[in-house]
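Subject: Handing over the structure

Hi there,

Here is the structure I promised to pass on, with my notes below it.

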Amino acid sequence: SLPAALPEGFDLTDPDLLQARVPLPEFAVLRRTAPVWWCAQPRGISGFDDEGYWAVTRHADVRYVSTHPELFSSHTNTAILRFNETISRDQIDVQKLIMLNMDPPEHTRVRQIVQRGFTPRAVRSLEGALRERARSIVRTALAHAGDDGSFDFVTEIAVELPLQAIAELIGVPQQDRAKIFDWSNKMAAYDDPEYAITEEVGTEAAMEIVSYAMNLAAARKECPAHDIVSQLVAAEDEGNLAGDEFGFFVILLAVAGNETTRNAISHGMHAFLTHPEQWELYKRERPRTTAEEIVRWATPVVSFQRTATRDLELGGRKIRAGDRVGIFYSSANHDPEVFDHPERFDITRDPNPHLGFGGGGPHFCLGKSLAVLEIDLIFNAIADSLPGLRPAGDPRRLRAAWLNGIKELQVTLGRE
Ligand code: HEM
């Protein structure tokens, strides 16, 4: 009973919509009837000439936009601006210090440097420590469970491993981790009123992270260790990062690698709890395809934005230079042109060309193999130690525009 077209004023980035139902059923309407759809945002957005954005919802088109940075720039603002949201030129200038908002050749230079920290070997070297972490997180959750055996999966299990993974990666000493974690959590820009985190608190936390990371870089430069930071900042020249560049890179990691993986883990658990036959299969066979299906199913990053660099045509629509173009990964990941029974959570799905980590262009998720490792490690630990986990209530969703998040997921250990 889906409408043939979407009502005027319908905005796919309305956080209230995403809180209620993901993936939005409206995506199916758009893929079928208007795969490149002009979403008008009538009150306009300061700093931009347009009054809306193009919503791209088909898998093939999301890939096309992602893989053509010369036509679709990342330089202006990669989060889709929401209805009535404003952004100043100053904010845009700050955003440009982060590689997510850079175009080639600048992006290429930074990416080539930082990817040294994400080679398969670098990620494998974290595996032992993270496996131990995953087990201890699960053991601690067990110890914290109430008398009735219930606890909140998000705070007890999903939150910790992604933070530990980033801290491990950049070699943050144990004694500093609590404050880094606190800053990272404060920085995540929520629309959710329950968090009551003001923009000032978020900005302050971001500045604390930059200055902490710059100090870390300076210390490693002075006295190199066998870690990634020492490698990235070894000498200040074209082949390395300057101290402030490293600071902004750590900010990006704290945003890009934290909430995303946390929500993949929470959604993964929720999917298992609501598909018990998949949980049984997982416990028996631990398919290597599991993490990818969790990311497709959850699509923690709902959308990103590009800006057209010239007049062009996409999906039969004329796009003008300067127009904003929203790419909707969560729609692409349910596109029936690409996925058989996209509505099915199937941990053996193979091939699984989902776009949860991006559409394959130069910005493709740098932390993908780390994220996949974290998801594998945590579900292995849960299957070993908490195999009888059961739901104890519906999840509470995060109110956010671009993030498909779960705020609370009560579970019980199955003690009768
Ligand atoms: C970029 C998703 C985990 C670091 C991205 C992009 C997406 C994404 C959609 C944009 C891709 C594009 O524009 O083409 C995810 C998801 C994750 C995850 C769903 C977890 C399930 C991580 C982790 C890290 C990380 C663990 C690092 C610790 C990055 C970085 C970028 C990025 C640095 C920017 C790359 C660039 O601009 O070149 N991620 N990510 N991500 N991700 Fe991830």
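Two strands are taken to pair if DSSP finds at least two bridges between them. That is what we have for β9 and strand β12 (residues 410-412), which are joined by 2 bridges and run antiparallel. Within this pairing, Pro391 stands opposite Val411 in β12. Please keep in mind throughout that this is a predicted model.

The sheets

β9 and β12 belong to an open sheet of 3 strands, in the order β4-β12-β9, with antiparallel pairing. Its edge strands are β4 (150-152) and β9 (390-391), each of which pairs on one side only.

β5 (303-308) is another strand to look at. It pairs with strand β3 (residues 72-73) in the antiparallel sense over 2 bridges, and there Ser73 stands opposite Thr307 in β5. β5 also pairs with strand β8 (residues 324-328), again antiparallel, over 5 bridges; in that pairing Gln305 stands opposite Gly326 in β8. β5 is mostly covered, as 5 of its 6 residues are buried.

The ligand

Which residues come nearest to the ligand? There are 29 residues around it, and Gly257, Gly358, His363, Cys365 and Gly367 come nearest. The elements that give two or more residues to this shell are α13 (243-256), α14 (259-274) and α18 (368-385). By residue type, the shell divides into 18 nonpolar, 10 polar and 1 charged.

For background, nonpolar side chains tend to be buried together in soluble globular proteins.

Backbone details

- The peptide bond from Pro104 to Pro105 is cis, with omega near 0°. Pro105 lies in the loop between α4 (89-95) and α5 (106-114).
- The peptide bond from Asp350 to Pro351 is also cis, with omega near 0°. Pro351 lies in the loop between α17 (329-332) and α18.
- Thr299 has a phi near 35°, a positive value in a residue other than glycine. Its place is in the loop between α16 (290-298) and β5.
- His341 has a positive phi too, near 45°, and is likewise not a glycine. His341 is found in the loop between α17 and α18.

Are Thr299 and His341 buried or exposed? A residue is buried if 20 or more other C-beta atoms lie within 10 Å of its own, and exposed if 12 or fewer do. Thr299 counts as buried because it has 27 C-beta neighbours inside 10 Å. His341 has 9 C-beta neighbours inside 10 Å, so it counts as exposed.

Happy browsing, and do write back with any questions.

Best wishes

Conventions. Residues are numbered from 1 along each chain as its sequence is written. This is a predicted model: local features need pLDDT of at least 70, side-chain atom pairs count only at pLDDT 80 or more; totals for chains, interfaces and linings use all residues. A residue is near a molecule or strand if its C-beta atom, placed from the backbone, lies within 6 Å of it. Helices (H or I, at least four residues) and strands (E, at least two) are DSSP runs, numbered from the N terminus. Ala, Val, Leu, Ile, Met, Phe, Trp, Tyr, Cys and Pro count as nonpolar, Asp, Glu, Lys and Arg as charged, and the others, Gly among them, as polar.
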